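I am opening my notebook on this structure for a reader who has not seen it before.

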Amino acid sequence: MTRAYNTMKQLLRGTVVFLIALISAGQAQDDLSYTTYTSFNQVLEGRNTRYPAITRVSDPGVNGQRAYTGFFFYQCLQFDRTGRYLLGMKVYVQNRAVQPTDRGDIGFIDLKNKYKWTKIGETTAWNWQQGARLQWRPRSDEIVWNDRSDDGKQYVCRVYNFHTGTRRILPRPIYDLSPDGATALTHDFERMKHRGTDYVGIEDKYKNQYAPSKTGIWKMNMDTGKAELIMSLEKMAAIAYPNGTPASGCFYVFREGWNPSGTRFIAFIKDPENEFFESLSMTSKGTDVRYLYNNPSHHAWQDDDYIMDFGKHTLPGGGSPLAGYFLFKDDGTGKAKELLWATNFDGHDSYVPGPGGDWIISDTYVLDGFQYLFMYHRPTKLFIPLAKLKSTAGEGIHRVDLHPRLSRDGKTVSIDATHEGLGRQMYVIDISNIVNNPPHRRASVP
């Protein structure tokens, strides 16, 4: 009897401790100052949503003299190492095709001095969807962006030292900089034909060749400007079409992106006329080429082995293809290893800096007039809404995507948006409270 009583007493005590812990956990979850949802659809529904404050940091000017400021793309360094200075480009037209004479002013915003704008240069090599590839050079004080040469005959990269004001010019435009800042991947921007990502003013000298042998993916030394062709379009086309290339079309490189260690990179290859769009990976020397997946959208490296992207793919366990955000391994199989979350709505995704790749941030295109910005916490599979913004921009290539960019500590996000009716402007959101206080369990809808 005594033994049974003691056993019952221990069980009761354990139950009480468990309930206290459970209640405490529930209260801690309820005390979060932000909203959590268990599905992406709930983000779109937006019931009882608490959005963090959003602050405009660009000056739109006055009617008749409007300035449109943005970063125009994402996944390159917009914030300096201190998080104080924010790169941007001002343009003075909207909702029309970019002309060779359209100027963009390059500069930075001081987030700690009344958002003061300082112009450092200009460019006539930019487009609506990727800007001029403006970015900080990693591990340096240099700011880099693409432009046309002074004689207008070629695209170049302009380099500006933030502290000394020293300027120099590199002989090729850049796309993606290696994590150590030593090397740039680049291709022929005049050859690109993907929905508003082309530069205008210089003709593609290989326009009559399907896959020329003298151009493709180049690697450029950021100190010396020395460039080498590491993968020709001819060689890539032979890999893509082992039975022979098409009789017509245009085979070109659309994007490149280094993995975190700079040992390999992803390349998006397109041939619109023949409906070819695939992603390959290769070493920094253009060797050991591997197939990643088809119809790439907006990739993000989780680490050196895994990469995330949106698309419609077969689940790891098989079955009918499903749309969503997937994780792929750089192993050449082209098969998805994990479905992060299912959705029909694409966006621009990135991993938030921090250990383990716990946080993902992304946006949506315009859905029923609105654009959504959100975070996803992988350990709890919870969504945290950050913004629901009305789009007042044009459509098609003239749209203004949010393109979320993160400070280097992952505590601030910058976006381009049009919800105030002022055209493209730049905004920041403080997400430090979210990343510093992550949810610890799945929560019910508020």
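Predicted model: local features only at pLDDT ≥ 70, side-chain atom pairs only at ≥ 80, totals over all residues.

I looked up the largest cavity and found a volume of about 80 Å³. On a 1 Å grid over the protein atoms alone, a cavity is a set of points where a 1.4 Å probe fits but cannot get out, and lining residues have an atom within 4 Å of a point. Grid points are joined across faces, edges and corners, and a volume is the space filled by probe spheres set on the points.

Residues are numbered from 1 along each chain as its sequence is written, and side-chain values use heavy atoms, with hydrogens and water left out.

**Entry: cavities**

My search of the whole structure gave 3 cavities of 30 Å³ or more. Around the largest cavity I listed the lining residues, among them Tyr-68, Trp-128, His-398, Arg-399 and Arg-424. By class this lining has 5 nonpolar, 4 polar and 2 charged residues, where Ala, Val, Leu, Ile, Met, Phe, Trp, Tyr, Cys and Pro count as nonpolar, Asp, Glu, Lys and Arg as charged, and the others, Gly among them, as polar.

The second largest cavity holds about 40 Å³ of space. Its lining includes His-187, Asp-188, Arg-191 and Tyr-252, and I sorted the lining residues of this cavity into 3 nonpolar, 3 polar and 2 charged.

**Entry: the sheet from β2 to β5**

I then traced an open sheet of 4 strands, in the order β2-β3-β4-β5, with antiparallel pairing. Because β2 (68-70) and β5 (116-123) stand at the edges with a single partner strand each, one side of each is left without a neighbour in the sheet. Neighbouring strands of this sheet are turned against each other by 30° on average, direction ignored; the axes are lines fitted to C-alpha atoms, and angles run from 0 to 180 degrees between N-to-C directions. Strands (E, at least two residues) are DSSP runs, numbered from the N terminus, and two strands pair if DSSP finds at least two bridges between them.

Within this sheet, β3 (residues 85-91) and β4 (residues 104-110) run antiparallel and are joined by 6 bridges. I also noted that Lys-90 stands opposite Asp-105 in β4.

Over the whole structure I found 27 salt bridges, a salt bridge being a side-chain nitrogen of Lys or Arg within 4 Å of a carboxyl oxygen of Asp or Glu.

Asp-110 and Arg-84 meet through their side chains in one of these, at 2.7 Å from N to O. Since Asp-110 lies in strand β4 and Arg-84 in the loop between β2 and β3, the pair ties together parts that are 26 residues apart in sequence. Asp-110 is buried at 7% relative accessibility, whereas Arg-84 is partly exposed at 28%; buried means under 20% relative accessible area, exposed over 50%, and partly exposed in between (1.4 Å probe, protein chains only).

Is Asp-105 buried or exposed? I found Asp-105 buried, with a relative accessible area of 5%, while Arg-103 is partly exposed at 34% and Lys-119 is partly exposed at 40%. Arg-103, Asp-105, Lys-119 and Glu-122 are linked in a network of salt bridges.

**Entry: the largest pocket**

For the largest pocket I recorded a volume of about 1,000 Å³, a pocket being an open set of points with protein on both sides within 12 Å along at least five of seven lines. Of the 34 residues that line this pocket, the closest to its centre are Gln-75, Cys-76, Leu-77, Trp-301 and Tyr-351. The largest share of the lining, 4 residues, comes from β14, and by class the lining has 17 nonpolar, 10 polar and 7 charged residues.
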